Amino acid sequence: MPSSVVHSYEYFPETEILRIVYQSGAVYDYLKVSKRIVDQFKAFQSKGTFLNKVIKKKFKYVRIK
């Protein structure tokens with residue numbers, strides 16, 4: 001999953017939180033993200049594009065680090 005934006009990610013289905021670790025080291029939790037959206041994110045070739053066009057526009061988030 002090489003990406004110029006996303007270093008790594010983890011999904012917590014029990015709380016519907018998608019945690020994104022950016023290449024910069026910043027960590028954000030995106031809230032109430034359904035498994036369907038996460039599956040689309042996983043399958044999408046450009047993680048940064050999907051993140052910017054779908055996830056950031058649709059879901060609230062909390063900066064963790």
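Phe12 has its bridge partner in strand 2, and that partner is Ile17. The two residues belong to a predicted model, in which local features need pLDDT of at least 70, side-chain atom pairs count only at pLDDT 80 or more, and totals for chains, interfaces and linings use all residues. Residues are numbered from 1 along each chain as its sequence is written, and side-chain values use heavy atoms, leaving out hydrogens and water. Strands here are DSSP runs of E with at least two residues, helices are runs of H or I with at least four residues, and both are numbered from the N terminus.

- Let's begin with the overall layout: 4 strands form an open sheet in the order 1-2-3-4, with antiparallel pairing. Two strands count as a pair if DSSP finds at least two bridges between them.
- Strand 1 and strand 4 (61–63) stand at the edges with a single partner strand each, so one side of each has no neighbour in the sheet.
- On average, neighbouring strands of this sheet are turned by 20 degrees against each other, direction ignored. For such angles, axes are lines fitted to C-alpha atoms (for helices over the stretch in contact), and the values run from 0 to 180 degrees between N-to-C directions.
- Strand 1 and strand 2 run antiparallel and are joined by 6 bridges.
- Between strand 2 and strand 3, also antiparallel, there are 4 bridges. Val21 has Val27 of strand 3 as its bridge partner.

**The helix on the sheet**

- Helix 1 packs on the sheet and touches strand 1 and strand 2. Touching is meant as contact, with heavy atoms within 4.5 Å.
- The direction of helix 1 makes about 155 degrees with that of strand 1.

**Loops with a positive phi**

- Glu16 has a positive phi, near 55 degrees, and is not a glycine. Its place is the loop between strand 1 (6–12) and strand 2 (17–22).
- Glu16 is partly exposed at a relative accessible area of 33%. On this scale, buried means under 20% relative accessible area, exposed means over 50%, and partly exposed is in between (1.4 Å probe, protein chains only).
- Lys32 is another non-glycine residue with a positive phi, about 55 degrees. Lys32 sits in the loop between strand 3 (27–30) and helix 1 (35–43), and with a relative accessible area of 66% this lysine is exposed.

**Salt bridges**

- The structure holds 2 salt bridges. The term stands for a side-chain nitrogen of Lys or Arg within 4 Å of a carboxyl oxygen of Asp or Glu.
- Arg19 is partly exposed, at 27% relative accessible area, whereas Asp29 is buried, at 6%.
- Lys35 forms a salt bridge with Asp39, and their closest N and O atoms are 2.8 Å apart. About one helical turn separates Lys35 and Asp39, because they are 4 residues apart in helix 1.
- Lys35 counts as exposed at 51% relative accessibility, while Asp39 counts as partly exposed at 33%.
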